[in-house]
Amino acid sequence: MKLYAYCLASGIDTLYEPVQGISAARVRLLKTEDLGVLVSDFDADTVPVTRENALAHAAVVRSVLDKTTPLPFRFGTLVNELQLRNYISTHKDAIDTKLKHVSECVEMSVKIIRDVSADSQREPLEKYQDNEQGIGAMFLAEKRREIIGDERRAAQAAELSAWLRESLHGLIRDEQVTVRPGEKLVLSAAFLVEMVKFGPYREKVAQICAERPDLHFLLSGPWPPYSFAGLELEFKSQFGVS
Amino acid sequence: MGTPFEQVMVSEEWEETDLSLLETLDHVLNRGLVIAGEITISVADIDLIFLGLNVMVSSVETAREVLSKRETE
Amino acid sequence: MELSPKTPLPAEPAIETSHVEEFVEQLRCVTDTLPSRINIDAQSVEQGLAKLVLTLIEFIRRLLEKQAVRRMEGGDLSPEQIEELGLALMRLEAKLQELKTQFRLADEELNLDLGPIGRLI
């Protein structure tokens, strides 16, 4: 019998209300070291990504947010109890540091879509383009144009990211910003915001969105700190053998 | 019992247009703590030999079909 | 809405946007980051390896293109040299496209996610 793990939390002794998790299984608190893990029983090898399961996962993680800020596991984390206990004791220090980092905070998201219709604008024709050129030279001229376009978009995306972060400076404890210069969804940001600064954060975000009517914004939150749970631990697992 | 390797499957019928669900998925699926799988040899996110994700993406009907088919094998 | 450690949180996170369809279109790719159909059989291991190798070649190919353009801009290449260089890079691009097709790899698949550093390409 496997366990589906939802999140790690400190300072929780018991679950006050019954919570339903994946496949309507009952969620319980597994204690190890001085931490609690919310788990439920799960007996298949794979977890289907369905509406019900995604919402159940999110609801379970959220259910502890009133008492303490948890470290959420990724959706689909299936382990046996021994693996779980080993994982926690091996990474105890990193987990404690992380829990401290996210304590009393929530995660707020900002996603930005930019208008891509301007991309089809071609760079002005210059001396590299003339009718007497061979195919190879024309190929390079075209590449040059593409590269210039890419560089311009990358600079714009970086500028956007800097603008966003600077505008929110002082209201956020941490940030995770991803930019994808070539794409419509050019920026996806997660901010770790202290609960006491939630109001000022929201006001500031509303203000800066109004400053940029050329951009399309999606704002969401508050979330448990999904984006601030995994980082270095995950980076290591991406490059290592385990 | 099952194979020692978990399987990941994406169905072409995955069609979701509920923004709130998609945004929730972006948080719970792409982020969060990861406990390494049972057998994991990976370079960045190219899994050469293993599978560590116990996640299957499909419509519920397909999921039921696949899971029950696997049980009879 | 004020939040403090003592204030009850809203039950669901709020989602605000004036552009629902656009974001739906973009976020549907959420599930695309999951690997699709990886089986433990010879063909897939081969494909996984091909993906890795072609990704690295693609990365280098793009660097070569950038360098070639820079040399061209630098003005120290003769028209014949520019033509030769362009033709060679054209062939390289076509060859790589051929290999992608052979291994049934889409353009987006040739990438490496380096975690916090971002993607390779």
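This is a predicted model: local features need pLDDT of at least 70, side-chain atom pairs count only at pLDDT 80 or more; totals for chains, interfaces and linings use all residues.

Visitor: How is chain A divided into domains?

Guide: Chain A has domain 1 (2-103) and domain 2 (106-228). Their bounds come from an automatic or database domain assignment. The centres of these two domains of chain A, taken over C-alpha atoms, are separated by 34 Å.

Visitor: What makes the domains of chain A count as being in contact?

Guide: Two residues are in contact if their C-beta atoms lie within 7 Å. On that criterion, 8 residues of domain 1 of chain A are in contact with 6 residues of domain 2 of chain A. On the domain 1 side, helix 1 (51-63) and helix 3 (92-102) of chain A are the elements that give two or more residues. The residues of that side divide into 5 nonpolar, 2 polar and 1 charged.

Visitor: Why is the largest nonpolar core said to lie between domain 1 and domain 2 of chain A?

Guide: The largest nonpolar core has 69 residues, and among those with the most contacts inside it are Tyr4(A), Tyr6(A), Leu38(A) and Leu71(A). Both domain 1 and domain 2 of chain A give residues to this core, and therefore it lies between them. Another core, of 10 residues, lies apart from it and includes Val69(C), Met72(C), Leu85(C) and Leu89(C).

Visitor: Which residues does Leu38(A) touch, leaving out those up to four places away in sequence?

Guide: Leu38(A) touches Tyr6(A), Cys7(A), Val27(A), Leu29(A), Val60(A) and Val64(A). In soluble globular proteins, nonpolar side chains tend to be buried together.

Visitor: Why is strand 9 of chain A called largely enclosed?

Guide: A residue is buried if 20 or more other C-beta atoms lie within 10 Å of its own C-beta atom. In strand 9 (residues 185-194) of chain A, 8 of the 10 residues are buried, so this strand is largely enclosed by the rest of the structure. For chain A as a whole, 42% of the 242 residues count as buried.

Visitor: How do you know that strand 8 and strand 9 of chain A pair?

Guide: Pairing requires at least two bridges. Strand 8 (residues 174-179) and strand 9 of chain A have 6 bridges, in the antiparallel sense, and therefore they pair. These two strands of chain A form a hairpin with 5 residues between them.

Technical notes. Residues are numbered from 1 along each chain as its sequence is written. Chains are lettered from A and ligands numbered from 1 in the order in which they are written. A nonpolar core is a set of buried Ala, Val, Leu, Ile, Met, Phe, Trp, Tyr and Cys residues joined through C-beta atoms within 7 Å. A residue is buried if 20 or more other C-beta atoms lie within 10 Å of its own, exposed if 12 or fewer, and partly exposed in between; C-beta atoms are placed from the backbone. Helices (H or I, at least four residues) and strands (E, at least two) are DSSP runs, numbered from the N terminus. Ala, Val, Leu, Ile, Met, Phe, Trp, Tyr, Cys and Pro count as nonpolar, Asp, Glu, Lys and Arg as charged, and the others, Gly among them, as polar.
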